[in-house]
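Visitor: Before we discuss any detail, could you show me the model and then take my questions in turn?

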Amino acid sequence: MTWGEMPGAEQFPAASHKLIMHSTLSVGGKTLMGADAPPDRYQQPKGINVSIHLKDVAECERIFNALAEGGNVTMPFQQTFWSPGFGMCVDPIRHPLDD
C-alpha cells in the first residue's frame with residue numbers, strides 16, 4: 001500500500017503519495033515488514049543488512065540473484081567455510097526522494 005492509497009492521503013504532500021506505507025514479504029514462514037519514511041522524517045540510509053537463512057541452497061541462490069539483479073554484488077554467492085551458500089549484494093532499489 002502506498003501513502004497515496006491509504007485513508008486520509010489528502011493530508012499528506014503529493015510527493016509522499018508514491019512512497020510505500022506498508023509492505024510485507026513472507027520468506028520461509030517468517031514475515032518481513034517495511035515502509036518508506038515520510039518526507040519530513042526521511043534520512044538517507046547509512047546502511048542496512050538483511051540475512052536470509054534457508055535450508056535449500058538453490059532457493060537461497062535464487063533469492064540472492066533476484067536481489068542482486070541490477071545492483072552491486074560485493075561477494076558472489078558461493079560456498080564458504082561457515083555456510084554451503086553465502087553472498088552479499090547491494091540491491092538496486094533507491095528511495096524516490098534520493099533522486
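Visitor: Is Cys89 buried, partly exposed or exposed?

Guide: This is a predicted model, and the class of a residue follows from its relative accessible area, where buried means under 20% and exposed over 50%, with partly exposed in between. For Cys89 the relative accessible area is 25%, so the residue counts as partly exposed.

Visitor: How many disulfides does a search of the whole structure find?

Guide: A disulfide requires two cysteine sulfur atoms within 2.5 Å. The sulfur of Cys89 has its closest cysteine sulfur in Cys60, and because these lie 13 Å apart they are too far from each other for a bond. Across the whole structure, the number of disulfides found is zero.

Visitor: Which class, buried or exposed, does Cys60 belong to?

Guide: The relative accessible area of Cys60 is 14%. Because the limit for this class is under 20%, Cys60 is buried.

Visitor: What geometry does the aromatic pair of Trp3 and Phe12 have?

Guide: The ring centres of Trp3 and Phe12 are 5.2 Å apart, and the planes make an angle of 65 degrees. Since pairing needs centres within 6.5 Å and an angle over 60 degrees sets the class, the pair of Trp3 and Phe12 is edge-to-face.

Visitor: Which residues form one aromatic cluster with Phe81?

Guide: Phe81, which counts as exposed at 79% relative accessibility, pairs with Trp82 at 4.9 Å between centres and 85 degrees between planes, so that pair is edge-to-face. The residues that form one aromatic cluster with Phe81 are Trp82 and Phe86.

Note on methods:
Residues are numbered from 1 along each chain as its sequence is written. This is a predicted model: local features need pLDDT of at least 70, side-chain atom pairs count only at pLDDT 80 or more; totals for chains, interfaces and linings use all residues. Side-chain values use heavy atoms; hydrogens and water are left out. Buried means under 20% relative accessible area, exposed over 50%, partly exposed in between (1.4 Å probe, protein chains only). Rings of Phe, Tyr and Trp (its six-membered ring) pair if their centres lie within 6.5 Å; planes under 30 degrees apart count as stacked, over 60 as edge-to-face and the rest as tilted.
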